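Here's a quick tour of a few spots in this protein. Have the structure open and follow along.

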Amino acid sequence: MNNAQIAAKFEMLADLLEFQGANSFRIRAYRNAARTIEGLSQQISDILDDSSQKLTDLEGIGKDLAEKCQVLVETDKLPQLEELQKKIPPSVLAMLRIPGLGPKKAAVIYKELGISTLEDLKQACLDEKIRALKGFGAKTEQTILSGIDLAATAEQRVYWAKADKLVQRLREHLESVKGIEKLTFAGSYRRGKETVGDIDILTVAESSTEAMDCLAEFPEMEEVIARGDTKMSIRLASNMQVDLRVVPAKSYGAASLYFTGSKEHNVKIRGIAKQRGMKINEYGVFRVNEDGSETFIAGETEEDVYAALDLPWFPPELRENRDEFKLAETGLPKLITVEDIVGDMHMHTDATDGVNTLEEMIEGSIAKGYQYIAITDHSKRVSMANGLNAERLLDQWKTIDELQKKYDGKIQILKGLECDILEQGGMDLPDDVLEQGDWIIASVHYGQNQSKQQITDRIVGALENPNICIVAHPTGRLINRREPYEVDLDAVFQCAKENRKFVELNANPARLDLNDVYCHTAKEQGILIGINSDGHKVEGLDVMRYGILQARRAGLTKEDVVNTRPWNDILKLLGRA
Ligand code: DGT
Ligand code: CA
Ligand code: CA
Ligand code: ZN
């Protein structure tokens, strides 16, 4: 049993224990262990074989977990897990993904009504059977009903960032095949979509048998779903599906275009080809002759294929049939890259809920080569995160002034704050404090269930405050976990524009809020987007690339983004210099 499989077992164990209502400390221990093991560069089995190493030396692996690893490696099974699985069908675990439905309530639904799938649960909600259960009501029933779709999606789609890690492992594995000439990871992964349903691999190989045999030996493989001469689908231990297609070199571009998608982009291209008396499919572009025969025109590279239709090469992130074909008429935008970013303007320290100290965050940012950063810890309303009151904030800013002397010439440290917008409206800290800072972010963390009007008024009110520069995660959604709150983004954008303010694209792979469509709308309305990590530790700064990917999907260029500019230019944009 390899690391990915061991990690999957521990995740499953944690889920089942959670469903049983076990001690949350224990559950967390299994989840942490799963994460540690997934990230190891060395196989657990190798560590066990090596007498000079001990599993218990790994972070988060105690004696009990080390023993379980050993049992898994030796027997492929875990008695405790088997016991639990006998008692609880795995399909009920999907219920735990419904926001607001904790394991206790899920267990009641399962025990009282025998419901074990999301579909049955949906029907039970519609039949108003859930509200009749003890401890439930019409409101809970409604919450469950509105969360079922989110839970169903979460079962099937993973964050792009997670898919990316898997892709790196697959790439390394497949590159060991001698005859592999080309290798592309196509589909939604290549388009940089925020979540990925399955992985589509495309390759040119000397021997398709060898390539498919190699995939069959991928350590994380669970079962082969289908295998033909040039096509194969497998399912991994994590449940993710991987499709492999081996294509001839002369069709590689056509196939990579076809399997990158999106389907909508492909449909549009087929229409364009047809209008010109041509045909396009995964093998190439063909001229359709009068006698009905077909002549191959292009196929080897994507550039060739697009050029045959008088189209430019489209960056994969734009291939959604939104407005890319219209843009192509006047020239595609030069999409932003991670190198264009010169500062990170949203990060936390251990003064609130961050892990690293102020100085560690500064050093980490210098290592990234940034010109400037903003330190933006939480304000006091976020008591859970030990949010700053005025006194602690002003102290932190004084420390920043002192540190600035030490770091002069290396990086500029902006005095910032992520200030909560209070439930009743207004900012969490008074203006005479906020005005002493350089960069104040406004965020809604509480009262997310308020009406659309209330939430919109709160955000608009914040943007009208002269001390506020930007609104962070403007819809509050968490991908696969929480729906966006009700907010009138048109009103927010209009207010931002009138007040020369910005909106944020949070680069965290679970947030990516604003999403691509809204970022595009903001651009069209002339509002600049700040792309920031919201890092809570030094490694947290690395998420910037996910934000950039989302921004590219929105068609953003360097010019559309706040933190591609020197700080002095940002001050001018805010009307402060
Ligand atoms: P996913 O996997 O749900 O995140 O999304 P995709 O876009 O990766 O979709 P997938 O894996 O079903 O198919 C990969 C690509 O193959 C898709 O983006 C476009 C192409 N494709 C698949 N089925 C069709 C189809 O019926 N018509 C056309 N034109 N293209 C298709
Ligand atoms: Ca796919
Ligand atoms: Ca697929
Ligand atoms: Zn934050």
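Two strands count as paired if DSSP finds at least two bridges between them. The strands (E, at least two residues) and helices (H or I, at least four residues) are DSSP runs, numbered from the N terminus. Keep in mind that this is a predicted model, where local features need pLDDT of at least 70, side-chain atom pairs count only at pLDDT 80 or more, and totals for chains, interfaces and linings use all residues. Residues are numbered from 1 along each chain as its sequence is written, and side-chain values use heavy atoms, with hydrogens and water left out.

**The sheet**

Let's start with an open sheet of 5 strands, which run in the order β2-β4-β7-β6-β5 with mixed pairing. At the edges sit β2 (180-185) and β5 (221-227), each pairing on one side only. From one strand to the next, the twist averages 20 degrees. Angles here run from 0 to 180 degrees between N-to-C directions, with axes fitted to C-alpha atoms, for helices over the stretch in contact.

Helix α11 (residues 208-216) packs on this sheet and touches β2, β4 (199-205), β5, β6 and β7. Its direction makes about 165 degrees with that of β7. Contact means heavy atoms within 4.5 Å.

**Serine 251**

Next, hop to the loop between β7 and α12 (252-260), which is where serine 251 sits. Is serine 251 buried or exposed? Serine 251 is buried, at a relative accessible area of 5%; the cut-offs are under 20% for buried and over 50% for exposed, with partly exposed in between (1.4 Å probe, protein chains only). Beyond its neighbours within four places in sequence, serine 251 is in contact with Glu282, Tyr283 and Gly299.

**Helix α21**

Finally, α21 covers residues 516-524, and its buried residues are Asp516, Cys519 and Ala522. Seen down the axis of α21, these fall within an arc of 120 degrees, so they line one face of the helix. That arc is taken from the directions from the helix axis to the C-beta atoms. The buried residues of α21 pack against α20 (489-498), β16 (502-506), β17 (529-532) and α22 (544-553).

As for the ends, asparagine 515 caps the N-terminal one, with a side-chain oxygen 3.1 Å from the backbone nitrogen of valine 517. Just after α21, glycine 526 takes a positive phi of about 80 degrees.

Notes
Chains lettered and ligands numbered in written order. Polar contact = N/O pair within 3.5 Å; in protein donor to acceptor, adjacent residues only side chain to side chain.
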